[in-house]
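Subject: Structure handover

Hello,

Here is the structure I promised to pass on. Please open it alongside these notes.

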Amino acid sequence: MPIEITMPRLSDTMEKGTIIKWHVAEGDQVGAGDVLADVETDKATMEMQSFDDGTIQSLAVSEGQAVDVGTVVAVLLEEDESPGDAAPSTPVEPASTSDGKSSADSPAVAVGHQDMPASETPTPTASLSAAGHLRISPVARRLADAHGIDPTSLVGSGTSGRIVKRDILAAIGTGDETRSAVPPSATPSAPSAPPVPAAQPVSHPPAPVVSAAPIQATPVSTDEVAIPGALQSHQEAVSGMRQTIAQRLVESKQSIPHYQVSMTLDVEPLLSLRKSLNSQLAGTGSKISVNDLIVRACGLAMYANPLMNASWAGDSIIYHGDVNIGVAIALPPERGGGLVVATIRNVDRKSIRIISAETKALSEKARTRGLTVEEMSDATFTISNLGMFGIDNFTAIINPPNSAILAVGAALEKPIVRNGELTIGREMTVTLSNDHRVVDGATAAQYLVTLREFIENPAQILI
């Protein structure tokens, strides 16, 4: 029997999935474990794998189409099967086209009917699958039941003789081919010209005097002028993941009592440490970023301030034993834009070099193939860094169930007072958004004091 590949449930809250990209085509040989497609869920873009060996007979869902979990998306033939056996026992409605019609009902796949003498007209024979089931689309079956049509008496014009909507419409006399054309006699004739009145003498008035006043030119509206490269109004549907991000951000702002505290840090020592580390790592392929150092410092600062590593649970507060830092990653427009949060686990137990490698790997995967649910789960604190864009300070929205998120600005060169003297240095402004149900103002302030100690004396984060 052909194997029906259905849309899998890739997360606990997934109800629909969208095939972002097929990695196989009809006729391809696949094996168990091969990646068939990239599927966008409500949480992430994930890989859909094959659990059997065989040949892809058909792809029932087109790229970009959202379908319910459990919907047949492809049919797989086993080694000893022929293409005629590939009709699924439960017929699958073909993917919808952009005009809302199914691909099986589209003229692009219609079988042309040739005029034949009555004596040569074949007796209608219903097309059956290898399992003995009638090949008929759900829409066609409903129409047949509603109009009392016996579908077994029809010859289907769909793929492999499948009975589709147009076959039922033709049988009940409402298809396009049954519409009567307007007879030539009914074609409206052109109105007859009115009779020409008899010629009468006409008195000609004297020729008008032409005024010498200048003729005014009609101004041209700027709306009529085509401007090269001008923006065009348009509307684009957002992805399921973008809809989920929007929904959760709204829920976060509406359900969590946000407040912010900010502090300016001297990052000259941190930048010096980074420069020294990268010089020692030259030629190894590793390169430490400022964000890698901040991730490590934030993780270590949790020990002195455990409420920053906690979550609100309604009637209790959950103190987490693992220090998992979520790093916000901006997605490119071709992947729908928006942000995802990759989780770096147990940053308090990892070296800066390992933190750097994991962050780079997750960032690259998020922007190309997409992260798994596991790679975005269990963060206990989040960092959002816009410093690389030159943003000096901003506020971020808390990522539930976290109780705080740190917004990191750019390290700016500016005049500063150091030891009573004016000099040039580099400073960075960080802003901590907090859930007031868990983190009080004094707790948030103390956390930033601890963080400043690690940033301005960065040798401590190497221990």
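Below is what was found in it, topic by topic.

**Ground rules**

This is a predicted model, so to speak of local features a pLDDT of at least 70 is needed, side-chain atom pairs count only at pLDDT 80 or more, and totals for chains, interfaces and linings use all residues. Residues are numbered from 1 along each chain as its sequence is written, and side-chain values use heavy atoms, with hydrogens and water left out.

**Confidence**

pLDDT is the predictor's confidence in each residue, from 0 to 100. Its mean over the protein is 79. 74% of the residues reach 70 or more. Residues 85-123 have pLDDT below 50. Beyond near neighbours in sequence, that stretch still has 55 contacts in the model (contact means heavy atoms within 4.5 Å). Residues 175-193 are also below 50. That stretch has six contacts beyond near neighbours in sequence. Where pLDDT is low, the predicted coordinates should not be read in detail.

**Cores**

A nonpolar core here is a set of buried Ala, Val, Leu, Ile, Met, Phe, Trp, Tyr and Cys residues joined through side-chain atoms within 4.5 Å. Buried means under 20% relative accessible area, exposed over 50%, and partly exposed in between (1.4 Å probe, protein chains only). The largest core has 53 residues. I294, F381, L406, L432 and Y447 touch the most other members. Helix α5 (residues 290-301) gives the most to this core, with eight residues. Helices (H or I, at least four residues) and strands (E, at least two) are DSSP runs, numbered from the N terminus.

F381 deserves a look. Leaving aside neighbours within four places in sequence, F381 contacts C298, M302, M308, N324, I325, G326, N402, A404, L406, L432 and Y447.

**The aromatic pair**

Rings of Phe, Tyr and Trp (its six-membered ring) pair if their centres lie within 6.5 Å; planes under 30 degrees apart count as stacked, over 60 as edge-to-face and the rest as tilted. By this rule there is one aromatic pair. The ring centres of F381 and Y447 are 5.6 Å apart and the planes are at 50°, so the pair is tilted. F381 sits in strand β14 (residues 381-385) and Y447 in helix α7 (residues 441-456). The two are 66 residues apart, and the pair links distant parts of the chain. Both F381 and Y447 are buried.

**Strand pairing**

Two strands pair if DSSP finds at least two bridges between them. Four strands form an open sheet in the order β5-β4-β2-β7, with antiparallel pairing. The edge strands, β5 (45-49) and β7 (66-68), each pair on one side only. From one strand to the next, the twist averages 40°. For such angles, axes are lines fitted to C-alpha atoms, for helices over the stretch in contact, and angles run from 0 to 180 degrees between N-to-C directions.

Going across the sheet:

- Strand β4 (residues 35-40) is joined to β5 by five bridges. V39 stands opposite M46 in β5.
- β2 and β4 share four bridges. W22 stands opposite A37 in β4.
- Strand β2 (residues 16-22) pairs with β7 over three bridges. The bridge partner of G17 is V67 in β7.

Further antiparallel pairs involve β6. Two bridges join strand β3 (residues 29-30) to strand β6 (residues 54-59). Q29 stands opposite T55 in β6. Four bridges link β6 and strand β8 (residues 72-77). L59 stands opposite A74 in β8.

**Loops and backbone**

A cis peptide bond joins P400 and P401, with omega about 5°. P401 is in the loop between β14 and β15 (404-408).

N346 is not a glycine, yet has a positive phi of about 55°. N346 is in the loop between β13 and α6 (352-368). N419 is not a glycine either, and has a positive phi of about 55°. N419 is in the loop between β16 (412-418) and β17 (421-435). N419 is exposed, with a relative accessible area of 77%.

E334 lies in the loop between β12 (325-330) and β13 (339-344). At 68% relative accessibility, E334 counts as exposed. The C-alpha atoms of E334 and R367 are separated by 9.2 Å, and these residues are 33 apart along the chain.

Best wishes
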